[in-house]
Amino acid sequence: MWNVIADLRTAVIAGVAAVLFLLWLAHRQPRNIPPGPRGWPLLGYLPKLILSDDVPVTLTKEAQRYGEVMSVNLAGQLVVVLTSPRAVKEAFYNPDVSSRPYNNLYHTLVPNGKGVATCSGQDWSVQRKFCQSMFNSFGIGKSSFEDSITTEAASLVKEMRSYKERPFNPTALFCNAVSNITCSVTFGKRFEYSDPRFQKLLASLIRVFEVMGSGGAVQFLPIAQKLTFLPSYKELLSRVGSIMKFIRGEVEAHRRDFDPDNCLDFIDTYLNKIRSQSGADATSPLNPDNLLVTIFELFMAGSDTTSCSLRWALLFMMAHPEVQAGVQQELDDVVGRNRLPRLSDLPNLPYTESTILEILRVRVIAPLPMPHRASKQTQILGYHIPKDTLVIENLWALCRKESVWKDADTFDPSRFLKDGKVSSLREKLSVFGIGRRACFGEKLARMELFIFFSFLLHQFTFKKPEGAPPITLKSTNGFVVAPLPYQTCAVSRD
Ligand code: HEM
C-alpha cells in the first residue's frame, strides 16, 4: 500500500516537474538578448510605462542601469530600446531592422493601403524612392522651392499682424501655415486661414497626435491592436477616417481634371505613374490605395511636427528675451530692415541657426519615434535580436547625453557656436532619426523652420501678454511632444 502511494507521489512530482520544464522551455528568453528590467508577470514592463509621467525619461533612467541596448517585455512583445548613436547606427542601417510593425488603424480604413512611413519591404523601398525623387524634382531643400515657403511665411506674418498686438494662441496659425506647404506639394494648392473645412481637418490632425499619447510606440504592440473597443481607439478611427475622406476628395478631383502633360503636384505625378505602368506591372506598390495612405502620412508627418517646433520656438523666445534680441540683432545686421531673410542668408546667420538647433535639441518633438521591426533574426552590438522584435531609438536620451551636451537641460544656443560659426556639434544632433528610415522630410522641415522663424523674428518681438500666467516650458504627453497651450503678443518691430 505504502509503495503505491510513494509511486503515485513520485509520478505526480515527476509530472509537475515535466510540465514546469516544458513551460520554462516555452517561455525562456533566448540567450544573449539585451538586458533590461523584468516587470510584471504577463504584462511585463507595460504597466510601468503606462503609469510613467514621462516615458522617454523613464526609459533613459533604465538605460543608465542596463546599457545602450536594453530590452523590455511589453505584454509579451520584446522591445529593444537604443540610447547611443553607435547602437542606433548599427541597428538602423541594417536592412533586417528596417521594417515597421503591423498597424490595424490604417488597415481598417484602407484595407490594401500601404504608405511610406508604416509599411515594410519592397512596398516601402519603392514608395520611398518614388516619393524622394518627386520631392527632389519639386526642388525641396533647394532655393528653387524657397518661394513656396516665403509666400506662406508672408501670409503668416500678415495673419499675426491682424491681431494688432493683442494676445493669440499661435497653434492653429502654425499648423495652417506648415500644412499649406505640404498641401502645395501634394494637392498643388493652399488653404486660407479662414477656411472652416480646412480648420476642422487641422483640429483633427492635432487631436490624432494627442490621442496617440507619448506611448505612441505602444500603438504598435500586438496587444494594442486588440483594444479596438477603447473610446480612444474609436476617436482615432473617426478622426483619421475624416482626414482620409478629405484626401480621397482631393485625389478624386485630381483624377477628374487629370492632364498627363501638365503634372504639377504630387498627386498628378503619382497618378501619371500609375497610368504609365497599368497592365505592365499590376502588382506595383505604386497604386491608388497606396497613394491615399502615402499622402495621409506625408500630411501627418509633415504638419504637426514642424508646426510644433515653431510653437516651441516662440515660447523659448518669450522665456529668453536675451536670445530673441540676439537673433533680431543678427538679422538686422545681416539682412537689414529693407528686405526679408532668404535661404542664402543662412550661412551668415550662425546665431539664428544655433538657436533653431538648440530648440530642436532641448525639446525633441519625436523623442520615441515609430518603432522598427526586425524582419529576421539579427544582432545589435553583439546582442541577439529575435525576428519580430520591435526596436526603438530613444532620441530624447541621445539629445541629453552629458558627455556631448554639457548642462543638457539648459537652453543655450551658444553651445553650437565656435569661432563665430556653427560648429561640428550640429552633426551630432539626431532629432530626425538615423539610418535607412530616417526622416524623409528633413530638408523640407529645416527650410521651413529657418524661413518661418527668421521671418517672424525679423518682423515681430514676441511677448507674454500682460496678466497671462507665468511661462511654462512643460510639455504635453503626445506622440509629438508639444508645449502646453499658450498666448503670445506679436509686437511689430517697424
Ligand atoms: C521638425 C520636423 C520633423 C521632425 C523632428 C521629424 C522627425 C522624424 C523622425 C524622428 C522620424 C522617424 C525615423 C525612424 O523611424 O527611424 C521621421 C520619419 C518620417 N518623417 Fe519626419 N520629422 C519632421 C518633419 C517631417 C516633414 C516636414 C515630413 C514630410 C513632409 C516628414 C516625413 C517623414 C516620413 C514620411 C517619415 C517616415 C520615413 C520612413 O519610414 O521611411 N517629416 N521623422
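Biologist: Why does Q459 count as buried?

Modeller: The relative accessibility of Q459 is 10%. Buried means under 20% relative accessible area, exposed over 50% and partly exposed in between, with a 1.4 Å probe and protein chains only. The value of 10% is under 20%, and therefore Q459 is buried. This is a predicted model, in which local features need pLDDT of at least 70, side-chain atom pairs count only at pLDDT 80 or more, and totals for chains, interfaces and linings use all residues. Residues are numbered from 1 along each chain as its sequence is written, and side-chain values use heavy atoms, with hydrogens and water left out.

Biologist: In which helix is the place of Q459, and with which residues is Q459 in contact?

Modeller: Q459 belongs to helix α16. Helices (H or I, at least four residues) and strands (E, at least two) are DSSP runs, numbered from the N terminus. Contact means heavy atoms within 4.5 Å. Beyond its neighbours within four places in sequence, Q459 is in contact with V157, R161, L340, V491, S492, R493 and D494.

Biologist: What polar contact joins the side chain of Q459 to another side chain?

Modeller: The side chains of Q459 and R161 are joined at 2.5 Å. A polar contact is a pair of N or O atoms within 3.5 Å; within protein, one must be able to donate a hydrogen and the other to accept it, and residues adjacent in sequence count only if both atoms are side-chain atoms. The distance of 2.5 Å is within 3.5 Å, so the pair of Q459 and R161 meets that cut-off.

Biologist: Why does E353 count as buried, and why does L82?

Modeller: E353, found in helix α14, has a relative accessibility of 16% and therefore counts as buried. Away from residues up to four places off in sequence, E353 touches L346, V422 and R426. L82, found in strand β2 (residues 77–82), stands at 0% and so is likewise buried. The residues that L82 touches, leaving out those up to four places away in sequence, include E68, V69, F92, I380 and V391.

Biologist: What makes R38 exposed?

Modeller: R38 has a relative accessible area of 71%, which is why R38 is exposed. Its place is in the loop between α1 and α2. Setting aside residues up to four places away in sequence, R38 touches G44 and Y45.

Biologist: Why does D388 count as partly exposed?

Modeller: D388 has a relative accessibility of 34%, and therefore counts as partly exposed. This residue, in the loop between β5 (383–385) and β6 (390–393), has a positive phi near 70 degrees and is not a glycine.

Biologist: How many residues surround the ligand?

Modeller: There are 27 residues around the ligand, the closest being R100, W124, R128, H372 and C439. A residue is near a molecule or strand if one of its heavy atoms lies within 4 Å of it.

Biologist: How far is an oxygen atom of the ligand from an N or O atom in the side chain of W124, of R128 and of H372?

Modeller: The distance is 2.9 Å for W124, 2.8 Å for R128 and 2.9 Å for H372. Two or more residues of the shell come from each of α6 (121–137), α12 and α16, and α12 gives the largest share, 6 residues.

Biologist: How does the shell around the ligand divide by class?

Modeller: The shell has 16 nonpolar, 7 polar and 4 charged residues. Ala, Val, Leu, Ile, Met, Phe, Trp, Tyr, Cys and Pro count as nonpolar, Asp, Glu, Lys and Arg as charged, and the others, Gly among them, as polar.

Biologist: Which residues line the second largest cavity?

Modeller: The lining is made up of S309, L310, A313, I356, I359, L360, L449 and F453. By class, the lining holds 7 nonpolar residues, 1 polar and no charged.

Definitions and conventions: On a 1 Å grid over the protein atoms alone, a cavity is a set of points where a 1.4 Å probe fits but cannot get out, and a pocket is an open set with protein on both sides within 12 Å along at least five of seven lines; lining residues have an atom within 4 Å of a point.
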